[in-house]
Amino acid sequence: MPLQKSWVKSANAAGSPFPLNNLPYGVFSICDVTPRCGVAIGEFVLDLTALEASGAIDCKATLQGSSWNAFMALGARAWTTLRTQLTTMLREDAEDPERLKPHLYRLADVQLHMPFVVAEYTDFYASRHHATNVGTMFRGAENALPPNWLHIPIGYNGRASSVVVSGTPVRRPWGQLKAPNVPEPHFAPSARFDIELELGAVVGMASTGPISVAEADAHIFGYVLLNDWSARDIQAWEYQPLGPFQAKATATTISPWIVTAAALEPFRCATPEREVPLLPYLAEPFPTLFDIDLEVLLAPDRKTPTVLTRTNYKEMYYSSAQQLAHHTACGCAMRVGDLLGSGTISGPAPGNRGSLLELSLGGQTPIELDTGEHRSFVEDGDTVTLKGAAQGDGFSIGFGDCKATVLPALDDPYGRG
Ligand code: MN
């Protein structure tokens, strides 16, 4: 599919993350006005809350709030109808662009907010390269992949309260730590605070029992970039036997635009060949991954960013649809607004690793930044940015940056002053 041209000229520019083919949904505000629903087009956001109020579109009043949850709950038919309407109204030969122009705001002038209310948050561990790299560091090469890994998309129940939108600063956590060669744990700021490059799937339909991979795929409304901040020293001490807990609860940053599954449809690709056949309930009925280029940049305080990593979502062993099918297999109910983290997305080469833990080999080989500084883990003042885009024929489906700056740990976390 080629670029679909819009009367919003900036949407047709080569390299625009938000051409008419994309139409990602977000929540924005201007000045002190209550945050409202919008769609990104070129260098603008179109105010859909106002458009619905004016009668130009009808989404059963679901766009009158400050999140996309009520609209998602309308179901797939409504998702398709709105996308078709917006495409018709914004394309180059649209009948009445003048009617929409008063509802366009420059992206540079608006503030972006959480695009949806996160009902619950689950994070997975589904890149074979990542699981092998990390497992080797934690348990040795012989036991890198746990015996269940090739059979189950491994996950843990995270905290919806940890999820914040791009731009929100992240404070270095305190926690209980224990170095391997020291007998007793102690309580201190994490010295191994890390990032994880992930894609987050936004569940747009509720379910109350097992759903198939095909159904799960249809239940996913869209995707965001996701940075699963991880305190490796807290994680190493706490993770057995129930998995990560405090190490992952400080913050989870997401990008501000939900890129719809519909926009990503032309970029589907199959999961890699199985080393061990999957049980039938996890089999892929059609390609359920997407070809999305991803990168991670790290900028020390007010300095030029360095690209740490370039990889692609198609490197995953399990897709979000397979993860959602597995998640519901026991009868686990899902809610509109559930967020599923893909797991760290690492590729096969050293330059494709999605966490500093892997890039610096557990801190043993710090990486050199373009500024000449070195990093094993993130330092206070560092700004980490995730970027993502599916590359089409003359256009790209961009995600919008997933960005956050690390603040120093509090001097005294229990201080009452
Ligand atoms: Mn993770």
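What follows is a set of questions and answers on this model.

Modeller: This is a predicted model, in which local features need pLDDT of at least 70, side-chain atom pairs count only at pLDDT 80 or more, and totals for chains, interfaces and linings use all residues. Residues are numbered from 1 along each chain as its sequence is written, and side-chain values use heavy atoms, with hydrogens and water left out.

Colleague: Which residues coordinate the manganese ion?

Modeller: Donors are N, O and S atoms within 2.8 Å of the metal (3.2 Å for Na, K and Ca), and water is not among the atoms, so sites may look incomplete. In sequence, the donor residues of the manganese ion follow the spacing D-x72-E-x1-E-x29-D. At 2.1 to 2.2 Å, the ion is coordinated by Asp 123 (OD), Glu 196 (OE), Glu 198 (OE) and Asp 228 (OD).

Colleague: How many residues apart are Asp 123 and Glu 196?

Modeller: Strands (E, at least two residues) and helices (H or I, at least four) are DSSP runs, numbered from the N terminus. Asp 123 is in strand E6 (residues 121–124), while Glu 196 is in the loop between strand E12 (193–194) and strand E13 (197–203). The pair links distant parts of the chain, and the separation is 73 residues.

Colleague: Is Asp 123 buried or exposed?

Modeller: Buried means under 20% relative accessible area, exposed over 50%, and partly exposed in between (1.4 Å probe, protein chains only). Glu 196, with a relative accessible area of 4%, is buried. The relative accessible area of Asp 123 is 1%, so Asp 123 is buried.

Colleague: How many disulfides does the structure hold?

Modeller: A disulfide is a covalent bond between the sulfur atoms of two cysteines. Here a disulfide is counted as a pair of cysteine sulfur atoms within 2.5 Å. The number of disulfides in the structure is zero.

Colleague: How far is the nearest cysteine sulfur from that of Cys 332?

Modeller: Cys 332 is partly exposed, at 26% relative accessibility. Cys 332 is in no disulfide. The nearest cysteine sulfur is that of Cys 330, at 5.1 Å.

Colleague: What kind of aromatic pair do Phe 187 and Tyr 414 form?

Modeller: Rings of Phe, Tyr and Trp (its six-membered ring) pair if their centres lie within 6.5 Å; planes under 30 degrees apart count as stacked, over 60 as edge-to-face and the rest as tilted. A search of the whole structure finds 17 aromatic pairs. For Phe 187 and Tyr 414, the centres are 5.9 Å apart and the angle between the planes is 25°, and the pair is stacked.

Colleague: Arg 274 lies over the face of which tyrosines?

Modeller: A charge sits over a ring if NZ of Lys or CZ of Arg is within 6 Å of the ring centre and within 35 degrees of the ring normal. One ring lies at 3.9 Å from Arg 274, centre taken, and belongs to Tyr 317. Another, at 5.6 Å from the ring centre, belongs to Tyr 318.

Colleague: Which residue has its backbone nitrogen 2.8 Å from a polar atom of the side chain of Ser 255?

Modeller: Ser 255 is in the loop between strand E16 (252–254) and strand E17 (259–260), and is buried at 0% relative accessibility. Leaving aside neighbours within four places in sequence, Ser 255 is in contact (heavy atoms within 4.5 Å) with residues including Pro 115, Val 224 and Phe 399. The backbone nitrogen in question is that of Leu 225.

Colleague: What is the omega of the cis peptide bond from Gln 240 to Pro 241?

Modeller: Pro 241 lies in the loop between helix H7 (232–238) and E16. The bond from Gln 240 to Pro 241 is cis, with omega near 10°.

Colleague: What is phi of Lys 60?

Modeller: Lys 60 is in the loop between helix H1 (48–53) and helix H2 (69–72), and is exposed at 65% relative accessibility. Lys 60 is a residue other than glycine, yet its phi is positive, near 55°.

Definitions and conventions: Polar contact = N/O pair within 3.5 Å; in protein donor to acceptor, adjacent residues only side chain to side chain.
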